[in-house]
Amino acid sequence: YDVARDTLRRVSMPGADVYHPVWAPDGQRLIFTAASSGEPRRLCVADLRRRDTPEVVYTAPSVELKIRAYSWSPDGSVVAVDIDAGDGRTLTHILPLDGGDPTPLFEGARAQIMSPRFSPDGRWIAYVADETDRSELYVTRYPATESGWMVSTDGARSPFWSRDGGELYWHDRRGRLMAAELRFEPDLSSAEPRVLFDIDQLRLL
């Protein structure tokens, strides 16, 4: 929807269903998953300044594997995406938009790693992993060289950063919206998670 012109514009791939659109930092591009019956899923980038067909930037190796973009780097050069590993796990990869192949966030990872989010300055990346008996939220420096700092304590999904990069927000396993302040110097650490509000309680109002 173009607010200034009060008009709608359709952004799609011919003959495909479109899922999970994610805005680029410049607000001019979208990356999304396109799925056509009997064909591997594709990640496509639409430049809203042009009206040509969106560009396919990655095609899944097989029809069965799911792919989803989650987060652009602040400079718009790479996108953090989740790709099925083919063994029941989801693994975060970094996809360069210059035509290169996606590479795992962590080489040889045994845990499931998903839902990546770049920090606003691009120096850190948050992700959810099941390194313990449940999925928790972690943060590591980007590019990642070692396992991250665990931020959550009671499960985590759908993380996102504050605009200034000083806090992370997520839903815990009980559906509560949580927050934790981060400290980056001298070493990465985080404050005790706090409850912002309970979504289930709001549904009862």
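A salt bridge here is a side-chain nitrogen of Lys or Arg within 4 Å of a carboxyl oxygen of Asp or Glu. With that in hand, welcome to a tour of this predicted model.

**View 1. A network of salt bridges links D154, D172, R173, R174 and R176.** Start with these five names, which belong together through their salt bridges. Across the whole structure, a search finds 11 salt bridges. The next view turns to some individual pairs.

**View 2. Salt bridges join R29 to D26, R49 to D47 and R134 to E136.** In the pair of R29 and D26, the closest N and O atoms are 3.4 Å apart; D26 is partly exposed, at 37% relative accessibility. For R49 and D47 the closest N and O atoms lie 2.9 Å apart. Look at the two partners in turn: R49 is exposed, with a relative accessible area of 54%, whereas D47 is buried at 12%. R134 and E136 have their closest N and O atoms 2.8 Å apart. Here R134 is partly exposed, with a relative accessible area of 31%, and E136 is buried, at 2% relative accessibility.

View 3. Strand 2 (residues 29-35) and strand 3 (residues 42-47) pair in the antiparallel sense over six bridges. To find your place, look for F32, which stands opposite C44 in strand 3.

**View 4. The largest pocket has a volume of about 320 Å³.** Its lining is made up of Y1, D2, R5, T7, L8, R9, V11, W23, L30, L48 and R51. Sorted by class, the residues lining the largest pocket are six nonpolar, one polar and four charged.

**View 5. The second largest pocket holds about 230 Å³ of space.** Of the 14 residues in the lining, H20, K66, I67, R68 and D82 lie nearest the centre of this pocket. Strand 1, strand 5 (67-72), strand 6 (78-84) and strand 9 (113-118) each supply at least two lining residues. By class, the lining of the second largest pocket has five nonpolar, four polar and five charged residues.

View 6. Most peptide bonds are trans. Look for P186 in the loop between strand 15 (176-183) and strand 16 (189-190).

**View 7. D6 and S115 have a positive phi.** Most residues other than glycine have a negative phi. D6 is not a glycine, yet its phi is about 55°. You will find D6 in the segment before strand 1, where D6 is exposed, with a relative accessible area of 56%. S115 is not a glycine either, and its phi is about 55°. S115 has its place in strand 9 and is buried, at 10% relative accessibility.

Terms used: Residues are numbered from 1 along each chain as its sequence is written. This is a predicted model: local features need pLDDT of at least 70, side-chain atom pairs count only at pLDDT 80 or more; totals for chains, interfaces and linings use all residues. Side-chain values use heavy atoms; hydrogens and water are left out. Two strands pair if DSSP finds at least two bridges between them. Helices (H or I, at least four residues) and strands (E, at least two) are DSSP runs, numbered from the N terminus. Buried means under 20% relative accessible area, exposed over 50%, partly exposed in between (1.4 Å probe, protein chains only). On a 1 Å grid over the protein atoms alone, a cavity is a set of points where a 1.4 Å probe fits but cannot get out, and a pocket is an open set with protein on both sides within 12 Å along at least five of seven lines; lining residues have an atom within 4 Å of a point. Grid points are joined across faces, edges and corners, and a volume is the space filled by probe spheres set on the points. Ala, Val, Leu, Ile, Met, Phe, Trp, Tyr, Cys and Pro count as nonpolar, Asp, Glu, Lys and Arg as charged, and the others, Gly among them, as polar.
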